[in-house]
Amino acid sequence: MARTIIHAMRVEFAGRDLVSMRELSRQEIEHILNTAERTEFSGDVLKGRLMCSLFFEPSTRTRLSFETAMKRLGGEVVGFAKPGAASLSKGENLTDTIKTVSCYSDVIVLRHPREGAARLAAEVSDVPVINAGDGSNQHPTQALTDLYTIRREHGRLKVRVAMVGDLKYARTVRSLGQGLAKFGARLLLSSPPGLEMSEELCAELESMGARLEVCTSIEEAVERADVLYVTRIQKERFPDPEEYRKVQGAYRITPELLEIASSRMIVLHPLPRVDEISPEVDHTDRARYFHQVRNSIPVRMAVLSLLLGVV
Amino acid sequence: MERDIRVRKIKDGTVIDHITAGQALNVLRILNLPSSSGATVTVAMNVPSRKAGVKDIVKVEGRELRSEEVDRIALLAPEATINIVRNYRVVEKKKVAIPQMVEGVLGCANPNCITHFEPVKPRFTVESRKPIRLRCHYCERIMCEAEIAKQF
Ligand SMILES: [Zn+2]
């Protein structure tokens, strides 16, 4: 007699890379978040393992978070943090650097100012590569941290997320949007003129399962959202400084503005902030951006443990 | 159909027909023809065609091009057909097909893409065929039809 046996699809991460949110399934994202919840544990599961962090672009926050995660699991860390992109012009190419480093490390964390750097590194490396930001393309562990924070607060990911600010250049918007889309979230978009989400990204997010709405005002976004995701307008992403000046300071989240929000609405920001969120918001019970920083540790611990095959 | 044959028939080889008018020379460039192997190549441009008004034709004598080879021209001549000729007769006829992965023909339109700075061949996955949209395997950006056409 024929019998249908349904196997739960096995989620396997050992030896893989983490380059882009695009390639993670909903089930895989859930597996990482579940692992992160358990990892608030943890022990010395990565004792004797070496993480190499290569930061070709400064990002103290991300680098320290990864290094902390590795050390909390008993692992060791080597690496460098270059002060600026100028040093790129000198010395050996990325391909050779990665090939060299993959000879002696167990996992590579790469931050690079050029889009596609992490994909290339993953191809030439013998050990797992984690993308810690490649130009304006992807930042998957930031997106996973955001998803983790949202899930902890709301218990689910099919929520209404207002994305406010630079929706054109901010890579966290792309990565988080792709993650949320897989859970059927509704995205309320609010951006200053010229910083709208590209049609390409809108179409992709919709094809992945998100429902998109463009808000006519920031008040509308605030009023209807479960999560307010605020981004910084990054000067360095603007090809033209004049364009930057036009939108600089175009929005500011204040406690007064948040009065119209639903009682459970929370405010997230990938940090660092400039002046998009006034410091008074920090004292309200909506602020969750420092929780995000804290949450980034278990999420990165989970990613490291999964890719290194110890959980 | 009775047609004005401006280019003589070939005995053995490959005829690429229905090339988008004006693209014949780009097609030769992509196929690396005429190659050092010395095959005779005949090009006809702006040939009247019932289907498309005018078209270009390329004939390569003494060499049967593999379809993976010719598929690379599908980006600029999506209607082209490949005819393999043996002893003056067409023994095989196929339409070009846009491959799943495009490699070695195009560069990425994103100037900050890593492929412009490292010794790596740009690669693209085909997101849509009509209109043609390619996604860079590295930087994940979409290249639209206009950006592709600009490169030829
Ligand atoms: Zn590219």
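**View 1. A salt bridge within chain B joins B:Glu69 and B:Arg63.** The side chains of these two residues meet with N and O 2.6 Å apart, a salt bridge being a side-chain nitrogen of Lys or Arg within 4 Å of a carboxyl oxygen of Asp or Glu. B:Glu69 counts as buried at 14% relative accessibility, whereas B:Arg63 is partly exposed, with a relative accessible area of 24%; buried means under 20% relative accessible area, exposed over 50%, and partly exposed in between, with a 1.4 Å probe and protein chains only. The structure is a predicted model, in which local features need pLDDT of at least 70 and side-chain atom pairs count only at pLDDT 80 or more, while totals for chains, interfaces and linings use all residues. Residues are numbered from 1 along each chain as its sequence is written, chains are lettered from A and ligands numbered from 1 in the order in which they are written, and side-chain values use heavy atoms, with hydrogens and water left out.

**View 2. Four cysteines of chain B coordinate the zinc ion.** The donor atoms are the SG atoms of B:Cys108, B:Cys113, B:Cys136 and B:Cys139, at 2.3 to 2.4 Å; donors are N, O and S atoms within 2.8 Å of the metal (3.2 Å for Na, K and Ca), and since water is not among the atoms, sites may look incomplete. The angles that the four donor atoms subtend run from 99 to 115°, which makes the arrangement tetrahedral, a term used for four donors if all angles lie between 85 and 135 degrees. Along the sequence, the donor residues follow the spacing C-x4-C-x22-C-x2-C. B:Cys108 belongs to the loop between strand 6 (101-103) and strand 7 (123-128) of chain B, and B:Cys136 to strand 8 (residues 133-136), so this pair ties together parts that are 28 residues apart in sequence. Here helices (H or I, at least four residues) and strands (E, at least two) are DSSP runs, numbered from the N terminus. B:Cys108 is buried at a relative accessible area of 6%, and B:Cys136 is also buried, at 2%.

**View 3. Chain B and chain A meet at an interface with five salt bridges.** In this interface, 16 residues of chain B are in contact with 20 residues of chain A, where contact means heavy atoms within 4.5 Å. The two chains bury about 1,600 Å² between them, 41% of it on carbon and sulfur atoms; buried area is the accessible area (1.4 Å probe) that two parts lose on being put together, summed over both. Side chains of opposite charge can pair when their charged atoms come close. The side chains of B:Arg123 and A:Glu123 form a salt bridge with N and O 2.8 Å apart, and this pair crosses between chains, from strand 7 of chain B to helix 4 (residues 117-124) of chain A. A:Glu123 counts as partly exposed, at 36% relative accessibility. In another salt bridge, A:Arg119 and B:Glu140 meet at 3.3 Å, N to O, and both residues take part in a network of salt bridges that also links A:Arg22, A:Glu23, A:Glu204, B:Glu127 and B:Arg135.

**View 4. A:Asp166 is a buried loop residue of chain A.** This residue lies in the loop between strand 5 (160-164) and helix 6 (171-181) of chain A, and its relative accessible area is 0%. When residues up to four places away in sequence are not counted, A:Asp166 touches A:Val173, A:Leu195, A:Thr231, A:Arg232, A:Ile233, A:Gln234 and A:Tyr251. A polar atom of its side chain lies 2.9 Å from the backbone nitrogen of A:Lys168.

**View 5. Cis peptide bonds and positive phi values mark several residues.** Most residues other than glycine have a negative phi, and most peptide bonds are trans. In chain A, a cis peptide bond joins A:Leu271 and A:Pro272, with omega about 0°, and A:Pro272 is placed in the loop between strand 9 (266-268) and helix 11 (289-307). In chain B, a cis peptide bond joins B:Leu33 and B:Pro34, with omega about -10°, and B:Pro34 lies in the loop between helix 1 (24-31) and strand 2 (41-49). B:Asn32, found in the loop between helix 1 and strand 2 of chain B, has a positive phi of about 60° and counts as exposed at 59% relative accessibility. B:His18, in strand 1 (residues 13-20) of chain B, has a positive phi near 60°.

Technical notes: Four donors count as tetrahedral if all angles lie between 85 and 135 degrees; four count as square planar and six as octahedral if opposite donors are over 155 degrees apart and all others between 65 and 115; anything else is irregular. A polar contact is a pair of N or O atoms within 3.5 Å; within protein, one must be able to donate a hydrogen and the other to accept it, and residues adjacent in sequence count only if both atoms are side-chain atoms.
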